Amino acid sequence: MSATDYRNLAISAGLVGLVALMPFYASGYVMTLAVTVAMFTVLATSWALFSGPTHYISLATAAFYGLGAYITGLGIDHLPYWTLPLIAGVAGAIVAALVGVATLRLSGVYFVIFTLGLAELIRQLVTFAQVQAGRQGFYVLTSISETMIYWQLVALAAVVWLVGWLIWRSRLGFALRIIGNDETVARHSGINTAQAKVLLFMVPGAAAAIVGAIMAPRYVYIEPSMAFGPILSFQVVIMALLGGTRRLWGPIAGVIPFTLLWEVISGNMPNQTYLLLGVAFLLIVYVLPGGFVGLYEKALHRWREGRAA
Amino acid sequence: MKRRTALKLTTLAAALSVAGLGAAQAQDVIRIGAAAPKTGGLAGGAEVTHWPAIRLWVEQTNAAGGLQLDSGPATIELIEYDDQTNPQQTIQAVTRLATQDQVDLILSPYGTGLNLAAAPIFDRLGYPQLSVTNITDQMPQLSQQFPNMFFTLGTTSAFAEDTVRLLAEMRDAGQVGNRVAMVNVADAFGIELATVARGVLAEEGFELVYDSSYPLGTQDLSTVVDGARNSNPDAFIAWSYPPDSFAITEQAMIQDFDVPFYYTAVGTPFPAYWGRFGEAANNILGPGGVNADDPRFQEFAAAHQELMGQGPDYWASATTYASMEILGQAIEDIGSVDRDAIAQHLRENTYDTVLGPISFNENNNNEAFWTVGQWQDGVFRGVASRGREGAVEVRLKEGWD
Amino acid sequence: MFIIITGLLLGGTYALIAMGLNLQYGVARIMNLANGEILVAGGLAAFWVYTAGQVSPILALFLVAPVAFAVNWLLYRIMLEPLVLRAKSRGALEVDSILATFGLSFIMIGIALMIYGGGYFNYSYLSTRVQIFDSSFALNRVVAFALAALIALALWLWLSFTRPGMTLRAVAVSPENARLVGIDVRRVSALAFALGGAITAMGGALISMFVTLDASTDGVIFTMKALIIVIMGGVGDIRGTVIAALLLGIAETAVGALISPGLTLAAAYVLFLLVLLFRPQGLFGRTTL
């Protein structure tokens, strides 16, 4: 590790620490928003770790999130709470590995469609299992406060960043960057592309499942149509792409403005959130193909050129 | 990672967004917030049951000069948010109402899941939660966890039990046979009701000849109806949601599924149900019902039709409206909008509502409610209830034509 | 017998949903994820003319089809053609068109909510009984099936035996070669996209006779079904689409009747996954129209 690496790590750790202190000075409303921001930060960042380099658009976030929420719902009466996010993480990683092995050979639109259907498929199976068990949703009655949820999410975000940073520096990260540029080249130069993709797909799978497990106490009542709501997957994709996936800090640059805008719009023009989502998608395609990161890089490039001249 | 500054911007943006509303606040206005679906899966039901009843009460109360407080009359300002049938948004909207709009009271959301999702926030922010469209058997646990959460529409068990008991009475009178076909939508509501009903059916000695569930959002229910019909039942019970209640009944008509006891759940008491099937819907049973001869209900229904442009449903519309009446009476009685006093008042008093008197027991539950209704010549009348008067004689369904 | 006929009737409506998408994806190379919203829009339009003017949904087809054709043609020209022109590869076009049409679908939901609100829409038309082999079926489903068959047949004849139809097929097989023999690929793509949109909207108008719709939640369900069918049947293969749609209809009905209605949707996805894994080129394995 170079000196810059240490410096960046120290700065990041400091910032995470500052953010973690928020509950001591922010109001209830800001905290509710902060929980949402923290949640989407984890989801979008981990999503971008996989989808950024591979260009695979995964719409499976809701599937893993719901899985995690259900693990909390199932386990809350039987196991100590702190074990549940861990179990969810492991379960998420395993399911992601299975899904990855089955589908990552597919490319482009097939993968998108399958992941879109995955949440629906899991939801149907969970529902069917519940019918067989004669049980409805699960009540999660705990004393876990919003502040505790927030801290867990911030800690998880820090872990995801660390993992992303380590991957970026590793052989795996290198392999993935090559896959993204040209899968055939990657394969010809002896990279096991399938294995690399599956490994990386496990990261957002585990992260989303943990987030689901952490968020479950906030909902009190877990049922399939809520836990597996597909809109979550779309929100994650749009936030990550809006921020840009080429840098580790890209997704959060999308999460914050999008969450705020969403909040302002749901507050003032409650019927127009779908329009917002739609316009954001079009914006990314037509105006901001690289997200805010792309914009930043362009500006940086221009500034450097200007200085050189 | 400019998270901190961005969060400061949040506060700024949020503050700006409500600045216009905040400035208008004055002593003679009571601000009431409501977050419920206007889009998403439950929007269709909320647009029939939830929103019109609330708006009607606000409109009528304001037209009558508002509520009488100690400080003089105060009009109602209603602030509405769409929670998109998404618990995440429900939580956010309720928090926004409390901390940014600083409303005096918040109305409980729509649907069991969303009501429960909002419960911890109501509790933490110190707002009483007078829930309506929230059917559960967990009231003792919930009211213990959230002391200011109240329930008005009844328990899951009561709906399932009364439906089966009604059937048992009809069987014992020799009107219907012993074979029952039951289907349910595979979500919390349907599964819970089917589970309770299954137990009571067995207890009452019924033969369950067809028992099946279908996923939420199933478009084609012809196989479900065909399966039920082929089992040659004497009674049919569907724990269904609005789109499926319509689809099942349509299929039952087409396949001439002729049983003397025919029950579909949510959506059946909607005026649109009669509008769609007309005479064919005669003697169909469903949840809820009202005392349609009660002049107070008739007055409510007429006002609903006139001011909202649509009739009320014959189940939770009146209960939603009654919940508003309860809040109004509590506020006038106390003389101010003191939330703790309102919660205490709810525990201790009996309220005079469009449904008749309502009070809450030790589990914060209203014990008097309608459980089964039946379409009888264009009106969905209550045929079974817990502690409500005016039930009419149940009739047998005689074919579809 | 009941299973097969119910399955066929269901499959007929699925075929309508999927044929339009197949034209758009197979010829115009646009994976249109707003397809379901176009369908819902067609359904809402039929609802509107029926409730406002008592105009039969079947007559409404003559209004819905040309309007949908024009709207989709404009959509293609304004929104999607720039993407086709700038795309460096088919993969890049796919990602762009997926994101753009997702955006489009959300915008359409937003507009539909503004106009219609979030409530349910249904009406009763031709819901009378028809006897086929001892079982009863709804007349509106049978009519929708017959019209679906008619539309499919007309489309197939047009594609097989007319000159414009042949240019469409040429573009479906290879846009590059089509260009070499003097076909205006951009015009043909726009035509195929618009035609696909018109067929989808007609499907929506027919389906609204017997399915309760709402503006915000149904589109994505129909899109998913259509995608499953198109991929099962083979991209660019109209006959494959029809057969796959009928198969899916029968499979869902059979699972519902014989195992449990709770597993119909799960069965559809499992079928889809199996096809993806073992025959990604589609059940019938050709890429010609």
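# Note on the predicted model: chains A, B and C

1. In chain B, B:Gln374 lies opposite B:Arg381 of β15(B). The model is a predicted one, in which local features require pLDDT of at least 70 and side-chain atom pairs count only at pLDDT 80 or more, while totals for chains, interfaces and linings use all residues. Residues are numbered from 1 along each chain as its sequence is written, and chains are lettered from A and ligands numbered from 1 in the order in which they are written. Helices (H or I, at least four residues) and strands (E, at least two) are DSSP runs numbered from the N terminus.

2. Two strands are taken to pair if DSSP finds at least two bridges between them. The two strands form a hairpin with two residues between them, and B:Asp377 in the turn has a positive phi of about 55 degrees. B:Gln376 has B:Val379 of β15(B) as its bridge partner.

3. β14(B) also has a partner in β11(B), residues 285-287, to which it is joined by three bridges in the antiparallel sense. Here B:Gly286 has B:Gly373 of β14(B) as its bridge partner. Seven of the eight residues of β14(B), residues 369-376, are buried, so this strand is largely enclosed by the rest of the structure. A residue is buried if 20 or more other C-beta atoms lie within 10 Å of its own, exposed if 12 or fewer, and partly exposed in between, with C-beta atoms placed from the backbone. In β15(B), six of the eight residues are buried, so that strand too is largely enclosed by the rest of the structure.

4. Chain B also holds an open sheet of four strands with mixed pairing, in the order β2-β3-β1-β4. Its edge strands, each pairing on one side only, are β2(B), residues 67-69, and β4(B), residues 105-107. From one strand to the next the twist averages 35 degrees. β2(B) pairs with β3(B), residues 72-82, in the antiparallel sense over three bridges, and B:Gln68 stands opposite B:Pro73 of β3(B).

5. Chain A contains 14 helices and two strands. Its radius of gyration is 20 Å, close to the 19 Å that the globule rule gives for 309 residues, so the chain is as compact as a globular protein of that length. The radius is taken over C-alpha atoms, and the rule is 2.2 Å times the number of residues to the power 0.38. Along the principal axes, the C-alpha atoms of chain A fill a box of roughly 70 × 50 × 40 Å. Of the 309 residues in chain A, 56% are buried.

6. Within chain A, the axes of α6(A), residues 146-169, and α9(A), residues 193-219, come within 10 Å and cross at roughly 175 degrees. α6(A) is therefore roughly antiparallel to α9(A). Angles under 35 degrees count as roughly parallel, over 145 as roughly antiparallel, 65 to 115 as roughly perpendicular and the rest as oblique. Axes are lines fitted to C-alpha atoms, for helices over the stretch in contact, and angles run from 0 to 180 degrees between N-to-C directions. Residues of α6(A), including A:Ile149, A:Leu153 and A:Val160, meet residues of α9(A), among them A:Val203, A:Ile210 and A:Arg218. Two residues are in contact if their C-beta atoms, placed from the backbone, lie within 7 Å. By class, this helix contact has twelve nonpolar, one polar and one charged residues. Ala, Val, Leu, Ile, Met, Phe, Trp, Tyr, Cys and Pro count as nonpolar, Asp, Glu, Lys and Arg as charged, and the others, Gly among them, as polar.

7. The contact between chains A and C takes 32 residues from chain A and 31 residues from chain C. On the side of chain A, α5(A) (109-133) and α13(A) (273-286) each supply at least two residues, and α5(A) gives the most, with 14 residues. That side has 23 nonpolar, eight polar and one charged residues.

8. The contact between chains B and A takes 44 residues from chain B and 45 residues from chain A. On the side of chain B, α1(B) provides the largest share, nine residues. The residues of that side divide into 19 nonpolar, 18 polar and seven charged.
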